[in-house]
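Here's a quick briefing to get you started with this protein. Have a look at the model first, then read on.

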Amino acid sequence: MKQVFTGIAELYTPRERLERAAFAVRDGRFVWVGAEKDLPEEYRTWPRADLGGRGAVPGLVDAHSHLVYGGNRLGEYLKRARGESYEAILAAGGGIYATVRATHAASEDELYEWAKARAALFLAQGVTAIEIKSGYGLLPEAELKMLRVIRRLQETLPQHVFPTLLAHVVPQGWERKKYVAMFTGELIPEVARSGLAEAVDVFCDEGAFTLKETRRILEAALLHNLKIKLHAEQIAHTGATKLAAELGALSADHLEQTTSADWEALAQSGTVGTVLPGAAVILRKPFPNARAMWDAGVRVAIATDHNPGSSPLFSPWLGMQLTVSLGRLSLEEALMAHTENAALALGRADLGKIEPGAWADFVVVDSPHALKPLYHWGNQLIYAVYVSGNKALPPSGA
C-alpha cells in the first residue's frame, strides 16, 4: 500500500514541529516526512488523503496496563475515598486478591471480550500500541490463561499489543519461597518456550516481592531471553529502581518514592522511568517528580496503568495533563513521554514517532492545533486514528 497524507496544518513528530506538513506511507511505514511543498517527485503520483487542515501527532503508546481482568473494585474505591488505605485493604485479602478471584472465575472468552471492549476505548483516544500484563492469575494455569487471552488480543486488535508476564503478589496459602521457586523454575520457562510473553515484570514493594526475590525472578527471565521491567518505589523505597538500572531493564515504573540517586542510575543505564499518574493521584501518593527526572537525563514515559483497583484510568490524555500540572513537564515533553519514550519502554524504537522507518501510527486531531487535546480537559478532539497506515478509527464506512 502506498499513500501520501497532505493537508496537515501542524505536525509533532514528536521531537519536531512542522507546519503545512505531509508524509508518505508504504507497506505500513513512513518513508518520507516534511513540509508539503517539499514533497519529492517520486511520491507525487501516489494516492493522496487530505487531512483537511487538521493537526497530527504520533500514535500514543501505553507501556503499562493491566487490561485483562474480571470484576471491578468499586467497593474498594468507595472505602479508599472514605480514608481506608490501599495497603490495609490488600492485607485484609482485598485489593489485588479480589481481582484474582474474579479473574479465576471468568472464562477465557469472557476475559477476551471484556479486554477487547476496553482496548476499543483506548483506540478511540489514539492509543495505537499497548502493553498488557498478566498478574491476576497468580497460579500457573491461571497466569497462562491470561497470557492466552493477551495473545488472542494480539492477533485480533488493530493495535500493536505487547504481552508481559507479571509476578504480582504471592498467592494466599503459598509459602513465599515455594512460589518464587515455581515462578522461576516452571512458569518463566514455560512462557519462554511457548512465546506467550515478551517480558517479565515484578511488583517489588511492601506486600509484594522483596528486592532479593525480585532479583531472582528477573535473573531467571534474562536467562530465558525475556526482557525485564519493574514496578518500583510505589509504596515504599525498596531499591528496585537501582536494580532495574543494574540489570538493564526496559523500564522502572511508578517511581513515587524515588530519589535523585535513583534518577542518576536510570539516566546512566538508559532504563526508561515510567510515571503512572492515575495510580499516584487515586492512591494519594506523592506525584512522581517528572521534571527533576527529565532534567537529570532520565527518559521519562507516561502510562495509564489501567487496572480495576489503583488506576481505573482510560485516558492517556488525562495522564499527560496530570503530568504537566503536577509533574511539571511541558506539553511537548508530555507528548514525547507518551509516544517515543513510551515505545522505548517496550524496547521499540520504531513506534511512537513520525519519521522514515517507523510504523505509520498517527492520530489526526479535530483542530488545526495538534496539541489541542492537551488543552481541552475531558474533550480530546480525536478525528481519526491510523495504525500501520490503515484507518482504525472511525471504521471504514463510518
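This is a predicted model: local features need pLDDT of at least 70, side-chain atom pairs count only at pLDDT 80 or more; totals for chains, interfaces and linings use all residues.

Residues are numbered from 1 along each chain as its sequence is written, and side-chain values use heavy atoms, with hydrogens and water left out.

**Cavities and pocket**

- On a 1 Å grid over the protein atoms alone, a cavity is a set of points where a 1.4 Å probe fits but cannot get out; a pocket is an open set with protein on both sides within 12 Å along at least five of seven lines; lining residues have an atom within 4 Å of a point.
- Grid points are joined across faces, edges and corners, and a volume is the space filled by probe spheres set on the points.
- Two cavities of 30 Å³ or more turn up by this rule, and the largest cavity has a volume of about 110 Å³.
- Its lining is made of 14 residues, with His66, Tyr86, His168, Asn307 and Ser310 nearest the centre.
- The largest pocket holds about 170 Å³ of space, and its lining residues include Tyr77, Arg80, Tyr86 and Lys285.
- Helix H1 (74–81) gives the most to that pocket lining, with three residues; helices and strands here are DSSP runs (H or I, at least four residues, for helices; E, at least two, for strands), numbered from the N terminus.

**First annotated set**

- UniProt, in an unreviewed entry, lists His64, His66, His231 and Asp305 under "binding site"; its positions are given in the numbering used here, feature names are shortened, and annotations may be inferred rather than shown by experiment.
- These residues are spread over 242 residues of sequence but cluster in space, the largest C-alpha distance being 12.5 Å.
- His64, His66, His231 and Asp305 are also part of the lining of the largest cavity.
- Histidine 64 sits in the loop between S5 and H1, and its 0% relative accessibility is why it counts as buried (buried is under 20% relative accessible area, exposed over 50%, partly exposed in between, with a 1.4 Å probe and protein chains only).
- Histidine 231 belongs to strand S9 (residues 227–232) and is buried too, with a relative accessible area of 4%.
- The side chains of histidine 231 and histidine 64 make a polar contact at 3.4 Å (a pair of N or O atoms within 3.5 Å; within protein, one must be able to donate a hydrogen and the other to accept it, and residues adjacent in sequence count only if both atoms are side-chain atoms).

**Second annotated set**

- The unreviewed UniProt entry also gives Arg73, Tyr136, His168, Gln234 and Ser310 as "binding site".
- The lining of the largest cavity includes Arg73, Tyr136, His168, Gln234 and Ser310.
- Arginine 73 is in the loop between strand S5 (60–62) and helix H1, and at 7% relative accessibility it counts as buried.
- A 2.6 Å polar contact links the side chains of arginine 73 and glutamate 76.
- Leaving out residues up to four places away in sequence, arginine 73 touches Tyr136 and Ser310, among others (contact means heavy atoms within 4.5 Å).
- Serine 310 lies in the loop between strand S12 (300–302) and helix H12 (316–325), and at 7% relative accessibility it counts as buried.

- Leucine 111, in helix H4 (residues 108–123), is buried at 0% relative accessibility.
- The C-alpha atoms of leucine 111 and glycine 70 are 6.5 Å apart, with the two residues 41 apart along the chain.
- Serine 134, in the loop between strand S6 (127–133) and helix H5 (140–156), is buried with a relative accessible area of 0%.
- The side chain of serine 134 reaches the backbone nitrogen of leucine 166 at 3.1 Å.

**Helix H9**

- Asp262, Trp263, Ala265 and Leu266 are buried in helix H9 (residues 260–269).
- Seen down the axis of H9, these buried residues fall within an arc of 160°, so they line one face of the helix (the arc is that of the directions from the helix axis to the C-beta atoms).
- Exposed Ser260 and Gln268 are on the face of H9 turned away from its buried side.
- Cover for the buried residues of H9 includes helix H8 (240–247) and strand S10 (251–254).
- Glycine 270 follows H9, and its phi is positive, near 85°.
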